[in-house]
Amino acid sequence: MTLLSEKLTQMMDWASKRAVIRMNGEKFRRLVRAPPRNYSVVIMFTALQPQRQCAVCRQADDEYQILANSWRYSSAFTNRVFFALVDFDEGSDVFQMLNMNSAPTFIHFPPKGKPKRADTYELQVRGFAAEQLARWVADRTDVHIRVIRPPNYAGPLMLGFLLAFIGCLAYLRRNNLEFIYNKNVWAFSALCFVLIMTSGQMWNHIRGPPYAHKNPSTGQVSYIHGSSQAQFVAETHIVLLFNAAVTLGMVLLHEAATSDMEIGKRKIMCMAGVGLVVLFFSWLLSIFRAKYHGYPYR
């Protein structure tokens, strides 16, 4: 009991100074691996040093800090759960001990016994948003954390600047506002909105997935997630580009069939439209085939 009390005192002391406790090999073995322990420890294994060039690690660390601070400054804060971090350059022996070769990785160490499969967070499926991490922590520890994000004024400021720009433009052109009634302007605006929403941007906003994935063993970068249940940010940009290209091809085909231009220009537009539709739609099918294995896309 004396040893357990000393451990709790030490962990509480560190947690009072910073929400995420930084650990090396010695601290990990003494406070996490060695019994006795009646508290859970959630650890983010990462590589934050600049020479590691792990952009995803820095993004995940920001969300992890938000989660840990939400718990640390919550009125429900207890010594049941602690949040810690092991950086590769500070605890490479811990990575070797756990046979870990990728970062970032989140693992929950329960009060008793070894971590089970569900104690390793499925980062590629669920993303690293603080809200998703909080749900996983609640599943593993029954501790529910209400995520509180620091205020971000960038969005309201950008919206204010946009509205001010539109207002200035309308004022300067107050004697010539025919563009407001131009159906092409509204059609283009609606099309941009539809393309953005159908490419998966809302899913990115909710789940917070990484931009891409770099295999630590081979160094190969993947921009398309191999599962139909997840995606990368780069993947949504690719799908957006392909959908836009297919749409442009359909517009060119329509213009070639209905415009009053010379026959030669209409033929060029028709060939360009067919080329865009065939090429980019086939690439879209190849992406779907890679994500939905077994579906007979041809």
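User: Is Asp-142 buried or exposed?
Analyst: Asp-142 is exposed, at a relative accessible area of 54% (buried is under 20%, exposed over 50% and partly exposed in between, with a 1.4 Å probe and protein chains only). This is a predicted model, in which local features need pLDDT of at least 70 and side-chain atom pairs pLDDT 80 or more, while totals for chains, interfaces and linings use all residues. Residues are numbered from 1 along each chain as its sequence is written, and side-chain values use heavy atoms, without hydrogens or water.

User: Where does Asp-142 sit, and what is its phi?
Analyst: Asp-142 belongs to the loop between α6 and α7 (154–172) (helices are DSSP runs of H or I with at least four residues, strands runs of E with at least two, numbered from the N terminus). Its phi is near 65°, a positive value in a residue other than glycine.

User: And what about Gln-53?
Analyst: Gln-53 has phi near 55°, again positive in a non-glycine residue. This residue lies in the loop between β2 and α3 and is exposed, with a relative accessible area of 67%.

User: Which peptide bonds are cis?
Analyst: The bond from Pro-35 to Pro-36 is cis, with omega near 0°, and Pro-36 is placed in the loop between α2 (25–33) and β2. The bond from Ala-103 to Pro-104 is also cis, with omega near 0°; Pro-104 is in the loop between α4 (92–97) and β4 (105–109).

User: What does Tyr-64 touch?
Analyst: Leaving out residues up to four places away in sequence, Tyr-64 touches Val-20, Val-42, Ile-43, Met-44, Phe-83, Ala-84, Phe-106 and Leu-133 (contact means heavy atoms within 4.5 Å).

User: How do α10 and α11 pack?
Analyst: Helix α10 (residues 233–258) packs on helix α11 (residues 263–291) at about 150°, with axes 7 Å apart (axes are lines fitted to C-alpha atoms over the stretch in contact, with angles from 0 to 180 degrees between N-to-C directions).
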